[in-house]
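Please look at the sequence and the structure first, and then follow me from single residues to the larger elements.

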Amino acid sequence: MPMSDNKTSVLQHLQSCPGANNRTVVMIMLTIILFCAGCHNNIQHVSSIKDTSAYTFAHAEKYRQEGKWNQAILTYRQYITNHPDTEQAITALSLIADIYSQKGEFKKALALYETIDRDHPDYDAISSIRYKIIRHMYLTGNYHDSIKMAQKWLKDHPSHPLTGQVMLVVMDDYSSLGMWKQAFDWWKKARETLQDTPGNRAELNNRIRKLIEDYEAYRSTKPYNKGPVDDWVLQARYLIDQANKPVKGNTGVIGCLLPLSGPFSIYGQSILNGIELGSGLITDFEENNSITEIDIKDTKGDPNRTVTGLEELVQADRVMALIGPLSIRTAISAAKKAQEEGVPIITLTQKDDVDKIGDMVFRNFISPVQEIRKLVFTAVNQLGMRRFAILYPKNKYGSFMMNCFWDTLNKEGGTVTAVESYDPDTTDFAEQIKKMTGMYYPRPNDVDNTTNTIQKKNSENKEDEEEDEEEDNKIEPIVDFDAVFIPDNFETVAMIAPQLTYYDVKGVLLMGTSVWQSHKLIDFARDYVQGAIFTSGFYIDNNNPLVQDFVKKYRENFGKNPDIMAAYGYDTIRFLREVMSDKDIHTRTDLKDRLSQYCDFTGVTGQICLSPYRGNEGNVRLFTIKGNKIVPFESQ
C-alpha cells in the first residue's frame, strides 16, 4: 500500500524531530537551510539522475503496477518522446496499448498495436503483438478481419506457444458471426493444440459450454427450435461429459503445502499438527471418513519449491484439494498454479485478495485489514485514545500494516505523532525509541547543560565531575502518544517491550496483531506486556466445548498447547471433511462449487465461510495479557 505524498512528508518530519518543542524545530530548520545552501550542486546532480531513461521507464512501470494507468501512460509517452529510436520505446508503446486494453478501450489499444506492426515489423515480440491485434479485432467487432489475419498468423507461426489461443479467438469470431459449426471445429483444433493441463482443460470446457449456451439461446428465437439439434452439439456434449468424469481412486486424498523447515517452520509444524488431528486419521478414525490420506510437501517457504510440490501433488498423486501455503509470496505462486491446474486450494495466508486470483482459490485466515479496524476502533472509540506511535519492521508485512493502521486511524480521527522503522534482524531498538521520544536529537537547553558541565570541570574533582555530568546530561523522554502499535512477531515484541520501559516510556498501551499470540511472549516479557492488546481468532481458555475438546486432544497428542496456526489447520481440514462427505461430489470442480457455497460450519476459530462474498471477518477478537494468561479484552 503506497503512502500518499502528505503521509510521506509527515513520516519524514516525525522521524527527524519527534517530540521536539518550537525552539528545537526552529534550530533544526535553520540547520537544514544552511545545509541545503551548501549542497545546491548535489541537489542538481540528483535531479539529473532522475532524468535518465532508466529512471523514466522504471517510474512508468511503477505507476502501471500500482494501477495508476493515466500517470503510467504519460510517463511512457515521455520516455518515447525522449528515446524514440530505442527497442524500449516500442515496448513502452506496447505497454500503453496493454493499459488501454485493461481499461476496456479496445479501439485505442488496437490502433497502437497496429502502429507497432506497421512501423516495426522486425520487433522481437512482433508475433505476440500480431496475436493481440487478432484478439482486439475480435473485441472491436472486426470478425472477418480477425479471421483473415489469424489464418495468416497460423501459417507463419505453426508451432508458436500462442497457437492454441489464436485458434480460440477464431472460434469466438465464428461464434459471433453465428457460424456455430465452424466455431466448434476451431475449438477442436485448439483442444488438440493446447497443452493438456487441468487449467487448459477447464478453459476449453468453459468455452464449449458457452458456445452451446449461445447457440441454444439463438435457436430458441427461431421457428424451427423444436427440431433435432445439430450433430456438432451432440458431439460437444459428449466431450464435456468425458472431461467431467470423476477423479478415480483419489477423491479422499488431500495435499498439504507447508514450510516444515526454514524460517517459517514453527508455523508450518503447528498447522500440520492441527491438520493431522482434525483429519481423523490419528484419533477418531471412522470408516466413512471422507479424508483417506494426506500427502505433505515441505515448501521451505520458497515459491519455486512450492510450485514444484504442487505439481507433484496434483499430477502424480492426483489430490482432490490442497491446503496451504502460508507466506504471501508462496501463497500467490501456489494460487496461480492451482488455478491453472484446476484444483481447489485453501490458503492459510493473511493476504486479503489472494482468492481473487481465480475461482479455485480460497483463503481461511483472519484478515489483516479487519485486525487493524478492530484495534483502531477499540482504541479510539472505546478507550478514547487519540495519539499513537508506530514502531514497525522494514519488511512487506510491517510496511503494509503500518500504512493500513495509519490510514484507518486517519478515518477514525486519531493522529500519528511518532513513527519509526527498524531492520527485522535487529535486537537493539534504542535509536528508534529515542527518536520517537525526542531523546535522539539535541535540544536547545542541552547547550546550557554543556556549558555548566565545562564550568564544573574547572572547579571540582574528577569523580564528582563525572557524576554531575551524567545527572546534568540526562534527557527525559517526551511521550506524546497514548499507545504504540508494533506489527511484528512475539519474539521481537518480547525484546522491544523491556527497552521501552528502560527508556521511561511507561503508561502507554502496547498494541499488536495475531502474530503476537504465544504464551512465549509472557514467558519472555511478562512484566512488560501486562495490559497489552492484540487481535486473534482463537484462544485456549475459551469455554466453548468445541475449543476445550480440541485443546484436550492436542495436549494429549502433542504434549503442548495449540496456537492459532494449529487451530486454523484443525478447522480447515475438518471443514473439508464435512464438505467432501457430500456424495454428489465427484470432481474437483464439484468440490470447488461446494466450497464456495457452504457456510454452515462452525469450528474452534468461529464460523467458516469461504464464499467470495463473505469471509471470517467477524471472527477477529481482541485479547490482552493478564498475569500469566491471555484472556479476552473487555473494553471499558
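Predicted model: local features only at pLDDT ≥ 70, side-chain atom pairs only at ≥ 80, totals over all residues.

Buried here means under 20% relative accessible area, exposed means over 50%, and partly exposed lies in between, with a 1.4 Å probe and protein chains only. T306 is found in helix α15, residues 303-316. Helices are DSSP runs of H or I with at least four residues, strands are DSSP runs of E with at least two, and both are numbered from the N terminus.

Residues are numbered from 1 along each chain as its sequence is written, and side-chain values use heavy atoms, with hydrogens and water left out.

Which residues is T306 in contact with, leaving aside its neighbours within four places in sequence? They are L257, T299, P325, T330 and A334, where contact means heavy atoms within 4.5 Å. T306 and K337 are 31 residues apart in sequence, and their C-alpha atoms are 9.6 Å apart in space.

S146 lies in helix α9, residues 143-156, and it is buried, with a relative accessible area of 0%. With neighbours within four places in sequence set aside, S146 is in contact with I134, M137, Y138, V169 and D173.

Let us now consider the whole protein. It has 26 helices and 14 strands. Of its 636 residues, 46% are buried. Among contacts with a separation of 6 or more, 63% are between residues 24 or more positions apart. The protein exposes about 31,900 Å², of which carbon and sulfur atoms supply 49%; these areas come from the Shrake-Rupley method with a 1.4 Å probe, and for residues only the protein chains shown count as cover.

Next, a pair of helices. Two packed helices are described by the angle between their axes and the distance between the axes. Helix α7 (residues 106-119) and helix α8 (residues 126-139) pack at an angle of about 145 degrees, with their axes 9 Å apart. The axes are lines fitted to C-alpha atoms, for helices over the stretch in contact, and angles run from 0 to 180 degrees between N-to-C directions. On the α7 side the meeting residues include F106, L110 and Y113, and on the α8 side they include I129, I133 and M137.

I turn to the sheet. Strands of a sheet pair through backbone hydrogen bonds, either parallel or antiparallel. An open sheet of 7 strands has the order β7-β6-β8-β9-β10-β13-β14, with mixed pairing; two strands pair if DSSP finds at least two bridges between them. Its edge strands, each pairing on one side only, are β7 (415-422) and β14 (629-632). From one strand to the next, the twist averages 25 degrees. Helix α18 (residues 396-412) packs on the sheet and touches β6 (387-393), β7, β8 (483-485) and β9 (509-512). The direction of α18 makes about 165 degrees with that of β6.

Why is β6 described as largely enclosed by the rest of the structure? The reason is that 6 of the 7 residues of β6 are buried. β6 and β7 pair in the parallel sense over 7 bridges, and F388 has V416 in β7 as its bridge partner.

The hairpin of β13 and β14 has 2 residues between the strands, and G627 takes a positive phi near 65 degrees in it.

Finally, the cysteines. How many disulfides does a search of the whole structure find? It finds 1, a disulfide being a pair of cysteine sulfur atoms within 2.5 Å. C599 and C609 form it, with their sulfur atoms 1.9 Å apart. C599 is in the loop between α26 (588-595) and β11 (601-603), whereas C609 is in the loop between β12 (606-608) and β13. Both C599 and C609 are buried. C404, at 4% relative accessibility, also counts as buried.
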